[in-house]
Amino acid sequence: MLIASQFIIFITRPNDRRHALPADDETRIQAVLDRYASDCVTFHALRTRQAGRRSFMSVHVLVPGSWSVHEGHAFLELVERDLRSAVPSATVFTHLEPIEDAASFADVALER
Ligand SMILES: [Zn+2]
């Protein structure tokens, strides 16, 4: 039941800012993502949500398709650790995608 409710809260339109995290939280989140971004790594589809005292964020992480599952997972662990530090007690969801695949960029909107 708890898991179901966590996913349900993300079913909102991307431009719906009514329940997003406060701007200072999002500034700290963006600073983490900027720190990890490079010529071969980028992020998109960042969504945040405040539900009572709980904070949630979801972001797509685009990395080289040549990375192994081990490399991708290790990278996500670092990003997620720093995102949780930026917004303590936040629940973080990441979605790994190959940066070379055009399909990776076709999923920014939830409605597709
Ligand atoms: Zn994506």
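Ser-89 has 8 C-beta neighbours inside 10 Å, so Ser-89 is exposed. The model described here is predicted. Its protein chain has 112 residues, of which 15% count as buried.

**Fold and confidence**

- The protein chain holds three helices and three strands, and from the N terminus on these run α-α-β-β-α-β.
- Among contacts in the protein chain with a separation of 6 or more, 62% join residues 24 or more positions apart.
- The average pLDDT of the protein chain is 86, and 83% of the residues score at least 70.
- Confidence is lowest in helix 1 (residues 2-8), with a mean of 43, and highest in helix 3, with 97.
- Over residues 1-12 pLDDT stays under 50, and the model has nine contacts beyond four places in sequence for this stretch.

**Nonpolar core**

- The largest nonpolar core consists of 13 residues.
- The residues with the most contacts inside this core are Ile-29, Met-57, Val-61, Leu-83, Val-87 and Ala-90.
- Helix 2 (23-36) and strand 2 (54-63) each contribute at least two residues to this core, and strand 2 gives the most, with six.
- In soluble globular proteins, nonpolar side chains tend to be buried together.
- Leaving out residues up to four places away in sequence, Ile-29 touches Leu-46, Thr-48, Met-57, Leu-83, Ala-86 and Val-87.

**Helix 3**

- Helix 3 covers residues 69-86.
- At 1.5 Å a residue, the 18 residues of helix 3 should span 26 Å; the C-alpha atoms at its ends are 25 Å apart, so the two values agree.
- Helix 3 is hardly covered, with one buried residue among its 18.

- Ala-45 has a phi near 55°, a positive value in a residue other than glycine.
- Ala-45 belongs to strand 1 (residues 42-51).
- Ala-45 has 18 other C-beta atoms within 10 Å, which means that Ala-45 is partly exposed, as the count falls between the cut-offs of 12 and 20.
- Ser-89 has a phi near 70°, again a positive value in a residue other than glycine.
- Ser-89 sits in the loop between helix 3 and strand 3 (90-98).

Terms used
Residues are numbered from 1 along each chain as its sequence is written. This is a predicted model: local features need pLDDT of at least 70, side-chain atom pairs count only at pLDDT 80 or more; totals for chains, interfaces and linings use all residues. Helices (H or I, at least four residues) and strands (E, at least two) are DSSP runs, numbered from the N terminus. A nonpolar core is a set of buried Ala, Val, Leu, Ile, Met, Phe, Trp, Tyr and Cys residues joined through C-beta atoms within 7 Å. Two residues are in contact if their C-beta atoms, placed from the backbone, lie within 7 Å. The expected span of a helix is 1.5 Å times one less than its number of residues. pLDDT is the predictor's confidence in each residue, from 0 to 100.
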